[in-house]
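Student: Could you walk me through a few local features of this one, with the cut-offs spelled out as we go?

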Amino acid sequence: MMELPPTRAGHIGRGLSATAILLFLAMPIVIILVTSFGADGIGTFPPQEYSTRWYEQMAAPGGNWATSIALSSLIASLTTVFSLILGVTAAMALARGRLPLHAAVYGLVLAPMLIPQVVIALGLFLFFEPAGMLGSPLAIALGHTVLAAPIAVLIMISTLKGIDERLEDAAASMGASRMTIARRITFPLATPGLIAAAVFSFITSFDEFFIAQFLSTPDTRTLPVLVFNALQFDVDPTVTAVSAVLIALAILALALVALVRKLGGHRNQQGGFLPTEPLA
Amino acid sequence: MAGTALAPGKVRVKTSEKRGHRSRIALVNAVPVTVFLLVLFVYPIIGVLSLSLEGDSGGFTLHWYADALSGVNLSVLMSTLRISAETAVLSLLVGFVLAHAIARMRPVFAALAMLIVVVPHFISALVRTYGWIIMLGEHGLINTLLTSVHAPGAPYSLLYNETGVVIGTTSVMLPYTVLVLQGVMRGVDGRLLAAAAGFGASRLTIFTRIYLPLVAPGIGTAGLLSFILCLGYYITPALMGGDKQTVVAALIDQQVMKQDQWNSAAAFGVILLLLTFAGLGVLGLAKLRRKKTAARRSSS
């Protein structure tokens, strides 16, 4: 960090440019939230009149949107379960154990974050197509787990590394069994990390487009696939309300993670979950 | 004393026992993720590779690659590379300015700014792209503003062309560049800059001769990372580009979904993969070189 005394002009210039760039990042999101309450059709900003009609249309039971929201939720739940199982075991191996071939396993786990998703999606298509599993929620969830598991592993590794092993050793020296230590010491301390891993796995799947697009059939289209089609082919203004709900969901999820970490006494490390971390 | 002579030995036995136990447990725990990724990640990608080398009636061929690297297909590949390069440069420039400003903000503002950088990253790229479509249209917010201040030539066509695509992809890649650069900038020792100033170096000299070389690794990483991530990216170009602005990932999707041209799609997939590996290789080599230089410095 620079410790030179700031010049006034430099100070103002930096402030203005930073504000402009932050607006650049935030504006698209603000625009969607406002537009979703507009009564007029797609793409008018600011709206002339306000209403909640697109939200009502989205929630209409039996409609396309309601069906795909249910499907996406099912797939995201399955993904969360798979990715937590893989994340916890892999983190035990990578953070705690002395694993032979440590670097190779670590590299394998990180690879799905860097390989183009369209290639992964194509590979999964070739894998599931002969098995007649296209359109199967299980297949899509397994595909999403390829992307979600690395994130869960990274979160669980940083969680386990943050737990003082001497607490476990102390419990062991007082005669606690392995099960007791896991149940009474390790698990409670790891809970904030587990919740963060679960939340991030869920959003990863709920927002994922490529794999769902390649593995879906016209009967099983997840929410992002439906949103993509709506944006590309038809102009169904309901999509603004759906987008606003997706924004609200992401913000809620992040708030939940921040809250849990705060309660768990962790210092808030922003961006610590992003895939940039292993590279930087 | 016999007691003290025994104690360390005892402890050593215990630790080595613990070590053996630990590596056994680690091996068992590493199995699920390894098997899962070998079956559902590595094997499918090998499937893509073998399909790209398979002729119509079986047998080995490089036909699909020749096809992918000629005519219209080649121009799609080139425009993908161009869009990725433009995005990388732009998000690096914008990201540098923002990260630099954040590094000098008061902690409260810096935290708020980082929140505005990180939160959008977790919001679906589809949704953010849609926001840009609403904003950049002929009657969108940007053009309305520009027309009202009588900007020459307004309204501009900012959508369904390369300008629109690059604006959209840059906003998607920006959080990565800001985070990487932020990390490096935070690590710069301010005393070095102050020392240079003490010797009478001008601000420009300090910036170009000391600050930039110190953050250079971050610049390389951030730029390559956004370039790599852009290569296989598809949502924004598909929605914000015109009919002419196809990228490789969109082409793969079309070939599989509409034309049943799997081999050709696979060849494109492998080309994307190789480009990604090349980028990662450069990153890895640069990191290795830095480590070696650091080791040499500390040993001399």
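**Around B:T276**

Tutor: Leaving out residues up to four places away in sequence, B:T276 touches A:L114, A:P116, B:I228 and B:L231, where contact means heavy atoms within 4.5 Å. This is a predicted model, in which local features need pLDDT of at least 70 and side-chain atom pairs count only at pLDDT 80 or more, while totals for chains, interfaces and linings use all residues. Residues are numbered from 1 along each chain as its sequence is written, chains are lettered from A and ligands numbered from 1 in the order in which they are written, and side-chain values use heavy atoms, with hydrogens and water left out.

Student: Is B:T276 buried or exposed, and which helix is it in?

Tutor: B:T276 is buried, with a relative accessible area of 0% (buried is under 20%, exposed over 50%, partly exposed in between, with a 1.4 Å probe and protein chains only). B:T276 sits in helix α12 of chain B, residues 262-299 (helices are DSSP runs of H or I, at least four residues, numbered from the N terminus).

Student: OK, and how do α5(A) and α12(B) pack?

Tutor: Helix α5 of chain A, residues 117-128, packs with α12(B) at an angle of about 140°, the axes being 9 Å apart; axes are lines fitted to C-alpha atoms over the stretch in contact, and angles run from 0 to 180 degrees between N-to-C directions. Among the residues that meet there are A:L122 and A:F125 from α5(A), and B:W262 and B:G269 from α12(B).

Student: Last one, what does A:A91 touch?

Tutor: Apart from neighbours within four places in sequence, A:A91 is in contact with A:R96, A:V153, A:M156, A:I157 and A:L160. A:A91 belongs to helix α3 of chain A, residues 64-96, and is buried at 0% relative accessibility. A:A91 and A:A152 are 61 residues apart in sequence, and their C-alpha atoms are 8.7 Å apart in space.

Note on methods
Helix = DSSP H or I, 4+ residues; strand = E, 2+ residues; numbered from the N terminus.
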